[in-house]
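Keep the sequence and the 3D view at hand while reading.

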Amino acid sequence: MFGKYHNHAAIRKYIIMFGSMFNDIDVVRFNTSGAAVQSIRVPIAYGPKEKFLARLNQDPNLNRQVATQLPRLAFEITDMTYSPQRGLNKLQKNTAISTNNNASASQFTPVPYDINISLYGMFANNEDAVQVVEQILPYFRPEFTHSLKLVKETGHYYDIPTVLQGMSIEDSYEADFQTRRAIIYTFNFTVKGYIFGPVSNKGIIKRTTIDIGIPNETFKPSAAETPESRIKLTAGVKGDGTPTTDSSESIPYSDVNANSTFGYAFDRIDFFDGIDD
């Protein structure tokens with residue numbers, strides 16, 4: 001609709017960021033003497049909890065080991081809402097050096113969105129559940145912040161907080177011996193992210209020239225036929241790459257590129273008759 005395709009995969013990066021926070025949680029089983037006898041890495045996957053609960057019920061003989069089924073973590077995006085409190089000036093642009101030395105990359109400020117994500121913990125017993133809960137809650141007070149490079153073309157990093165909004169508990173056990181018990185902990189998080197528009201690449205201005213003269217007798221805007229002064233503003237870079245404000249020390253302005261650290265060389269020529277480049 002807007003004429004230019006772009007895809008920065010920001011939402012995908014938020015999903016990977018969120019899942020990576022919970023992909024190394026373990027549950028340890030102890031014997032009656034208190035010695036650890038089993039350690040289980042809790043698997044995590046993207047998807048609604050209903051899908052995983054349906055898989056649990058596909059074992060009518062109840063002869064599989066619990067460790068192959070539970071505990072398990074799952075998460076999904078529930079909704080996304082615009083966040084006006086974090087909005088920036090719509091006309092402001094972020095700039096960066098592009099891969100082209102004669103152009104700079106620019107992008108309008110991103111649009112802030114709150115991405116609500118639910119994390120489901122499914123357990124066969126309360127001991128496993130509380131172990132996982134105590135490995136999650138201490139890190140959220142109530143947020144945990146990651147620094148992500150969300151747009152490859154600009155290379156800018158953004159701090160993305162993940163805020164824990166609350167937790168609820170559900171126990172589906174109804175005293176039916178043929179029903180698999182599943183204790184479900186639901187953690188509600190909000191990822192304060194951004195959605196980005198396209199990146200534009202535009203050429204850089206290396207020199208500007210302004211002629212100053214007396215306007216014609218009609219006082220209509222027009223180019224001065226006999227300029228009184230000429231002002232030149234040029235990007236100034238020495239041969240060793242350091243910036244300068246003296247044009248006589250600078251390399252030719254045509255050799256200055258978008259990656260250069262330059263100064264502003266100001267030259268003024270007064271009361272001349274001819275116009276030369």
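In this predicted model, helix α3 spans residues 126-136 and holds several buried residues: Asp128, Ala129, Gln131, Val132, Val133 and Ile136. The cover over these buried residues includes strands β1, β4, β7, β9 and β10. The points below start with this helix, then turn to charged pairs, aromatic rings and a surface patch.

**Helix α3**

- The N-terminal end of α3 is capped by Asn125. A side-chain oxygen of Asn125 lies 3.2 Å from the backbone nitrogen of Glu127.

**Salt bridges**

- Side chains of opposite charge can pair when their charged atoms come close.
- The whole structure contains five salt bridges.
- One of them joins the side chains of Arg86 and Asp114, at 2.9 Å from N to O. Arg86 sits in the loop between β4 and β5 (93-97) and Asp114 in strand β7, so this pair ties together parts 28 residues apart in sequence.
- Arg86 and Asp114 are both buried. For Asp114 the relative accessibility is 14%, and it therefore counts as buried.
- Asp114 also forms a salt bridge with Lys192, where the closest N and O atoms are 3.8 Å apart. This pair links distant parts of the chain, with Lys192 in strand β10 and Asp114 in strand β7, 78 residues apart.
- Lys192 has 26% relative accessibility, so it counts as partly exposed.
- Together, Arg86, Asp114 and Lys192 are linked in a network of salt bridges.
- Another salt bridge brings together the side chains of Glu249 and Lys238, at 3.8 Å from N to O. Glu249 and Lys238 each lie in the loop between β13 and β14 (263-270), so the pair ties together parts eleven residues apart in sequence.
- Glu249 is partly exposed, with a relative accessible area of 42%. Lys238 also counts as partly exposed, at 31% relative accessibility.

**Aromatic rings**

- A pair of aromatic rings is described by the distance of the centres and the angle of the planes.
- The whole structure holds 14 aromatic pairs.
- The ring centres of Tyr82 and Tyr113 are 5.8 Å apart and the planes stand at 70 degrees, so this pair is edge-to-face. Tyr82 belongs to strand β4 and Tyr113 to strand β7, so the pair ties together parts 31 residues apart in sequence.
- Tyr82 counts as partly exposed, at 43% relative accessibility. Tyr113 is partly exposed too, with a relative accessible area of 27%.
- Phe123 and Tyr185 make another edge-to-face pair, because their ring centres are 5.9 Å apart and their planes stand at 80 degrees. Phe123 is in strand β7 and Tyr185 in strand β10, so the pair ties together parts 62 residues apart in sequence.
- Phe123 is buried, with a relative accessible area of 0%. Tyr185 counts as buried, at 7% relative accessibility.
- One aromatic cluster is formed by Phe18, Phe22, Tyr46, Phe75, Phe140, Phe144, Phe187 and Phe189.

**Surface patch**

- Leu233, Phe262, Tyr264 and Phe266 form a nonpolar patch on the surface. Together they have about 410 Å² of accessible area.
- Leu233 is found in strand β13 (residues 229-236). Leu233 is partly exposed, with a relative accessible area of 33%.

Methods: Residues numbered from 1 in each chain as written. Heavy atoms only, no water. Patch = residues over 30% accessible without salt bridge, like charges linked within 9 Å, V, L, I, M, F, W, Y side chains within 5 Å. Areas by Shrake-Rupley, 256 points an atom, 1.4 Å probe, with all protein chains shown as cover. Salt bridge = Lys/Arg side-chain N within 4 Å of Asp/Glu carboxyl O. Helix = DSSP H or I, 4+ residues; strand = E, 2+ residues; numbered from the N terminus. Buried < 20%, exposed > 50% of the residue type's maximum accessible area, 1.4 Å probe, protein only. Contact = heavy atoms within 4.5 Å. Polar contact = N/O pair within 3.5 Å; in protein donor to acceptor, adjacent residues only side chain to side chain. Phe/Tyr/Trp six-rings, centres within 6.5 Å; stacked < 30°, edge-to-face > 60°.
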